[in-house]
Amino acid sequence: MDMSQYHDLFLSEAREHLKKISELSVVLEGAPDDSETIAALFRSAHSVKGMAASMGFNVIAELAHKMEDLMDRVRHGLDIDATLFDLLLSGESCISAMLDDIEHGGSGAADTAELIGRIVAYSSGEKPQAPQKQAMPAETDHGEPHKKEEPLFQQTVKVKTAVLDRFVTTTGELITVKHRLASLAAAANNKDMADAVESLGKHLREFYNQVMGVRLMPLSVILERLPRMVRDLARKEEKELTFSISGAEIELDRGILEFLGDPLSHILRNAVDHGIETPAERVTAGKERVGRLAVTISRLQDQVEIRVEDDGRGMDPEKLAAAAVAKGFITRDQLARFSQLDKMMLICHPGFSTARKVTDISGRGVG
């Protein structure tokens with residue numbers, strides 16, 4: 001049977017399940033006894049395995065099968081720690097790379113032996129980063145209510161912003177034509193034509209509102225990748241934190257959303273790298289061992305406020321000012337006229353950074 005006709009559908013559905021695996025892995029790390037999340041992770045891995053096998057992508061199917069087996073062990077009581085989430089996310093990243101290869105005409109083959117070996121050999125307790133996590137009782141797999149999942153496709157299609165812009169422009173031109181017709185109808189004293197133009201105007205207004213509505217997208221579109229990013233950075237920096245997002249359902253014009261993703265990512269990376277202290281530093285400072293990082297979105301009349309907060313060490317305006325003088329961004333005479341806010345705003349200068357060395361996380365002074 002020729003399966004090529006299902007090629008694009010396979011890629012789309014597989015990526016939806018991988019997206020779930022990525023998101024749910026982070027969720028489960030914060031709530032390791034959540035049986036519904038465990039079951040959902042199992043189902044997503046199972047779905048990827050089945051789809052890949054039916055399409056003949058056996059390497060993907062084998063890796064997904066081992067991830068499915070791992071989650072089945074968790075369902076039946078396997079203790080879990082941070083290493084398990086590293087394995088799940090590594091599996092998701094590996095399969096994503098293979099899907100990219102398939103999309104660009106490749107075979108989707110990759111060397112997965114080492115990763116599969118680590119998944120098969122996993123047993124909790126190897127890295128005690130999360131000693132508070134408890135085992136799942138074996139009986140939770142019996143009679144467990146399945147969490148209702150949203151269908152993968154709800155008659156939606158992806159539309160380029162440029163196409164929507166043309167819709168808006170064309171609609172505006174149609175409204176202009178409508179006004180011209182209304183003037184002609186009035187000049188000709190033609191009531192039938194005037195009634196028809198009025199009806200046309202109502203439909204055009206409805207069409208315009210619908211087009212503008214299509215341009216609106218929830219902030220979750222750009223926020224959904226952030227929990228995974230924050231989690232990975234915290235692990236790399238050996239820091240412990242909780243990360244929360246609220247208000248992600250609020251909608252903005254997609255043209256604005258396209259410009260928000262990178263700045264938010266940059267702010268959060270700096271919060272993890274520069275703001276949140278290590279557990280030992282936090283305990284010494286009299287703080288809780290686990291830091292807090294949050295993104296809160298709220299609507300203020302005709303504006304939307306995006307607030308990023310953490311309970312880390314904060315910024316030292318005097319340290320910022322000293323670094324700016326040392327690096328030649330400002331002179332000491334200029335500094336004498338700076339307020340505390342001016343000193344804080346030095347971080348927005350391109351090229352300015354207080355980092356002692358450049359890393360893959362920060363230090364280049366993007367500003």
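This note sets out numbered points on the structure above.

1. Basis of the note. The model is a predicted one, in which local features need pLDDT of at least 70, side-chain atom pairs count only at pLDDT 80 or more, and totals for chains, interfaces and linings use all residues. Residues are numbered from 1 along each chain as its sequence is written, and side-chain values use heavy atoms, with hydrogens and water left out.

2. Overall composition. The chain has 14 helices and 5 strands; helices (H or I, at least four residues) and strands (E, at least two) are DSSP runs, numbered from the N terminus. Of its 367 residues, 36% count as buried. Here buried means under 20% relative accessible area, exposed over 50%, and partly exposed in between, with a 1.4 Å probe and protein chains only. Among contacts (heavy atoms within 4.5 Å) between residues at least 6 apart in sequence, 73% join residues at least 24 apart.

3. The buried residues of α9 are Leu226, Arg228, Met229, Val230, Arg231, Leu233 and Ala234. The elements covering these residues include α1 (7-30), α4, α8 (220-223), β2 (241-246), α10 and β4 (291-300).

4. Arg228. This residue belongs to helix α9, which spans residues 226-236. Arg228 has a relative accessible area of 15% and is therefore buried. Its side chain makes a polar contact with the side chain of Ser93, at 2.7 Å. A polar contact is a pair of N or O atoms within 3.5 Å; within protein, one must be able to donate a hydrogen and the other to accept it, and residues adjacent in sequence count only if both atoms are side-chain atoms. Leaving out residues up to four places away in sequence, Arg228 touches Ser22, Val26, Leu89, Glu92 and Ser93.

5. Packing of α9 with α10. Helix α9 packs with helix α10 (residues 254-275) at an angle of about 25 degrees, and the two axes are 10 Å apart. The pair is therefore roughly parallel. Axes are lines fitted to C-alpha atoms, for helices over the stretch in contact, and angles run from 0 to 180 degrees between N-to-C directions. Angles under 35 degrees count as roughly parallel, over 145 as roughly antiparallel, 65 to 115 as roughly perpendicular and the rest as oblique. On the α9 side, Leu226, Met229, Val230, Leu233 and Ala234 meet Ser265, Leu268, Arg269 and Val272 of α10. By class, the residues of this contact divide into 7 nonpolar, 1 polar and 1 charged. Ala, Val, Leu, Ile, Met, Phe, Trp, Tyr, Cys and Pro count as nonpolar, Asp, Glu, Lys and Arg as charged, and the others, Gly among them, as polar. The crossing of α9 and α10 is right-handed. A crossing is left-handed if the near helix is turned anticlockwise from the far one by less than a right angle, and right-handed if clockwise.

6. Packing of α4 with α5. Helix α4 (residues 82-103) and helix α5 (residues 113-121) pack at an angle of about 150 degrees, with axes 10 Å apart. Helix α4 is therefore roughly antiparallel to α5. In this contact, Leu87, Ser90, Gly91 and Cys94 of α4 meet Leu115, Arg118 and Ile119 of α5. The contact of α4 with α5 comprises 4 nonpolar, 2 polar and 1 charged residues. The crossing of α4 and α5 is left-handed.

7. Leu260. Helix α10 also contains Leu260. Apart from neighbours within four places in sequence, Leu260 is in contact with Leu219, Ile222, Leu252 and Ile306. Leu260 and Leu219 are 41 residues apart in sequence and 9.3 Å apart in space, C-alpha to C-alpha.

8. Arg75. Helix α3 (residues 58-75) contains Arg75, which counts as buried at 17% relative accessibility. The side chains of Arg75 and Asp72 are joined by a polar contact of 2.9 Å.

9. Backbone points to check. Most residues other than glycine have a negative phi. Asn189 has a positive phi, near 55 degrees, and lies in the loop between α6 (161-188) and α7 (191-215). At 71% relative accessibility, Asn189 is exposed. Glu238 likewise has a positive phi near 55 degrees; it is found in the loop between α9 and β2. With a relative accessible area of 65%, Glu238 is exposed.
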